[in-house]
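Here are my notes for your review. Please read them next to the model.

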Amino acid sequence: MKPTDLLAAAAAVRRSAHAPYSKYLVGAALLAEDGSVITGCNVENASYGLTMCAERVAIGTAVASGRTTFKAIAIVADEGPAPFPCGACRQVLAEFCGPDMPVYIAGAGYTDGYETTTLGALLPHAFKMG
Ligand code: THU
């Protein structure tokens, strides 16, 4: 699957985001090892601290359906600075994804361009047990 296909999936689910407080809509799309795509959007709450990030919603949805190994993730948000995942999401991704996993990041107009990095570059020395 091309990065732009994964970015398109993230851009599509971004429209489902529940973000009445920040008005910052985020979509994430994981490419699973079996080739399937699992998406997630941010889900905010009136009790702000309960907000769930798009990346963690995608991971939870994937794990709940038995998919726990991934080949890439795409994240799309509003125009503005590239929506690099927050620190908490990096650590959650590191639970299931290796340091070489590509991370594609773009504003909503992702067809204008996107950034590519890796999970290891975003989170060196991820915390691991065992
Ligand atoms: N957000 C994400 O969905 N992913 C991140 O990695 C960082 C932030 C969401 C949470 C909240 O709904 C909004 O962006 C503003 O913080």
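1. Terms for exposure. Buried means under 20% relative accessible area, exposed means over 50%, and partly exposed lies in between (1.4 Å probe, protein chains only). By that scale histidine 125 is exposed, with a relative accessible area of 83%.

2. Ground rules. This is a predicted model, in which local features need pLDDT of at least 70, side-chain atom pairs count only at pLDDT 80 or more, and totals for chains, interfaces and linings use all residues. Residues are numbered from 1 along each chain as its sequence is written, and side-chain values use heavy atoms, with hydrogens and water left out.

3. Ligand shell. Which residues surround the ligand? They are Ser22, Tyr24, Val26, Asn42, Glu44, Thr51, Cys53, Ala54, Glu55, Pro85 and Cys86. A residue is near a molecule if one of its heavy atoms lies within 4 Å of it. The shell divides into six nonpolar, three polar and two charged residues.

4. A polar side-chain atom of glutamate 44 lies 2.5 Å from a ligand oxygen. An N or O atom in the side chain of asparagine 42 is 2.8 Å from an oxygen atom of the ligand. Cysteine 86 uses its backbone: an N or O atom there lies 2.9 Å from a ligand oxygen. On its own the ligand has 380 Å² of accessible area, and the protein covers 77% of that. Accessible areas come from the Shrake-Rupley method with a 1.4 Å probe; for residues, only the protein chains shown count as cover.

5. The ligand takes up the space of the largest pocket. The search runs on a 1 Å grid over the protein atoms alone; a pocket is an open set of points with protein on both sides within 12 Å along at least five of seven lines. A molecule sits in a pocket if more than half of its atoms lie within 2 Å of its grid points.

6. Asparagine 42. This residue is in the loop between strand E2 (37-41) and H2. Helices (H or I, at least four residues) and strands (E, at least two) are DSSP runs, numbered from the N terminus. Is asparagine 42 buried or exposed? Asparagine 42 counts as buried because its relative accessibility is 5%. Its side chain reaches the backbone oxygen of tyrosine 24 at 2.8 Å. A polar atom of that side chain also lies 3.0 Å from the backbone nitrogen of valine 26. Tyr24 and Val26 are among the residues around the ligand.

7. Asparagine 45. The loop between E2 and H2 also holds asparagine 45. Asparagine 45 is partly exposed, at 31% relative accessibility.

8. Most residues other than glycine have a negative phi. Which phi does lysine 23 have? Its phi is near 60°, a positive value in a residue other than glycine. Lysine 23 sits in the loop between helix H1 (3-14) and strand E1 (27-32), and is exposed at 59% relative accessible area. Histidine 125 is not a glycine either, yet its phi is positive, about 55°. Histidine 125 lies in the segment after helix H4 (119-122).

9. Aspartate 78. Where is aspartate 78? It is in the loop between E3 and helix H3 (87-96). Aspartate 78 counts as buried, since its relative accessibility is 16%. Its side chain makes a polar contact with the side chain of arginine 14 (2.4 Å).

10. The loop between H3 and E4. Proline 99 is exposed, with 54% relative accessible area. Methionine 101 is in the loop between H3 and E4 as well, but is buried at 5% relative accessibility.

11. Threonine 68. The loop between helix H2 (54-64) and strand E3 (70-77) contains threonine 68. Threonine 68 is partly exposed, with a relative accessible area of 35%.

Key: A polar contact is a pair of N or O atoms within 3.5 Å; within protein, one must be able to donate a hydrogen and the other to accept it, and residues adjacent in sequence count only if both atoms are side-chain atoms. On a 1 Å grid over the protein atoms alone, a cavity is a set of points where a 1.4 Å probe fits but cannot get out, and a pocket is an open set with protein on both sides within 12 Å along at least five of seven lines; lining residues have an atom within 4 Å of a point. Ala, Val, Leu, Ile, Met, Phe, Trp, Tyr, Cys and Pro count as nonpolar, Asp, Glu, Lys and Arg as charged, and the others, Gly among them, as polar.
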